[in-house]
Amino acid sequence: MSINDDNTTPKMSLALTRSTPWSAYPVGVVAFVLGVLSGWCLFGWASRSLQGRHPLAQGSTKLLFGFAMVLWWAPILLSTSLLLSHHLSEPHPRWHLPWEWLGQPAMSLAFICGCLALALTLSLAALPHRTAAGRRRSRVAVVAPSSAGRRRWRP
């Protein structure tokens, strides 16, 4: 509750909030860990599937990934600095919500455009491709007549 008395008409405001439920903390930690692990696996898969591709495909996916990272991090840096200066200049009983520090929902268009760029990057990585010699990338066991029946591995 606060009363405004800085040479203006006095007015009173009341804000009611409730505390965060205890179950939100472990669920948030589990969701964070699962998100990090799935992002790590997805990035590893995309990186592995782009090996040996045409330089145009590799360059376009790197460009789209960089574009998405700029679209995701620019609002975070902008909103974090603005909210920090806001909190230091004006006292608050509670800090702003976590997604506001990430620039959401005010700058959600940049986040959505970054998601679209990453979806296009993943679709480029998922396209089928052939290696330089047109062979499969896995190794197969071949019985060569000169090796007297012994098996050896050939790429």
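## Arg-53 and its surroundings

Leaving aside its neighbours within four places in sequence, Arg-53 is in contact (heavy atoms within 4.5 Å) with Gln-58, Leu-124, Ala-125, Leu-127, Pro-128 and His-129. This is a predicted model, in which local features need pLDDT of at least 70 and side-chain atom pairs count only at pLDDT 80 or more, while totals for chains, interfaces and linings use all residues. Residues are numbered from 1 along each chain as its sequence is written, and side-chain values use heavy atoms, with hydrogens and water left out.

Arg-53 lies in the loop between α1 (24-49) and α2, where helices (H or I, at least four residues) and strands (E, at least two) are DSSP runs numbered from the N terminus. Arg-53 is buried and yet has no salt bridge, the nearest side chain of opposite charge being that of Glu-100, 40 Å away. Buried here means under 20% relative accessible area, exposed means over 50%, and partly exposed is in between (1.4 Å probe, protein chains only). A salt bridge is a side-chain nitrogen of Lys or Arg within 4 Å of a carboxyl oxygen of Asp or Glu; for charge, Lys and Arg count as positive and Asp and Glu as negative, whereas His and the chain ends are not counted. The side chain of Arg-53 does reach the backbone oxygen of Leu-124 at 3.0 Å, and a polar atom of that side chain lies 3.4 Å from the backbone oxygen of Ser-49. Such polar contacts are pairs of N or O atoms within 3.5 Å; within protein, one atom must be able to donate a hydrogen and the other to accept it, and residues adjacent in sequence count only if both atoms are side-chain atoms.

## The chain as a whole

The protein chain holds four helices and four strands, and from the N terminus on its elements run β-β-α-α-α-α-β-β. Of the 155 residues in the chain, buried residues make up 15%. Among contacts with a separation of 6 or more, 50% are accounted for by residues 24 or more positions apart.

## Helix α2

Helix α2 (residues 55-89) has 35 residues and reaches 51 Å from its first C-alpha to its last, which is close to the 51 Å expected at 1.5 Å a residue; the expected span is 1.5 Å times one less than the number of residues. The buried residues of α2 include Thr-61, Leu-64, Leu-71, Pro-75, Ser-79 and His-87, and the buried residues of this helix pack against α3 (98-101) and α4 (108-126).

Two of these residues can be followed further. Leu-71 is buried, with a relative accessible area of 18%, and, apart from neighbours within four places in sequence, Leu-71 is in contact with Ala-110, Phe-111, Cys-113 and Gly-114. Leu-71 and Ala-117 are 46 residues apart in sequence, while their C-alpha atoms are 9.5 Å apart in space. Ser-79, also in helix α2, counts as buried at 6% relative accessibility. The side chain of Ser-79 reaches the backbone nitrogen of Gly-103 at 3.2 Å, and, not counting residues up to four places away in sequence, Ser-79 touches Glu-100, Trp-101, Leu-102, Gly-103 and Met-107.

## Aromatic pairs

The structure holds three aromatic pairs, a pair being rings of Phe, Tyr and Trp (its six-membered ring) whose centres lie within 6.5 Å, with planes under 30 degrees apart counted as stacked, over 60 as edge-to-face and the rest as tilted. Phe-43 and Phe-65 form a tilted pair, at 5.7 Å centre to centre and with 45 degrees between the planes. Because Phe-43 lies in helix α1 and Phe-65 in helix α2, this pair ties together parts that are 22 residues apart in sequence.

Phe-65 is partly exposed, with a relative accessible area of 33%. The rings of Trp-95 and Trp-101 have centres 5.5 Å apart and planes at 20 degrees, so this pair is stacked. Trp-95 counts as exposed at 58% relative accessibility, whereas Trp-101 is buried, with a relative accessible area of 15%.

Most peptide bonds are trans. The peptide bond from Gln-104 to Pro-105 is cis, with omega near -5 degrees, and Pro-105 is found in the loop between α3 and α4.

Leu-122 has its place in helix α4 and counts as partly exposed at 26% relative accessibility. Not counting residues up to four places away in sequence, Leu-122 touches Leu-42, Trp-45 and Ala-46. The C-alpha atoms of Leu-122 and Ser-47 are separated by 9.8 Å, although these residues are 75 residues apart along the chain.
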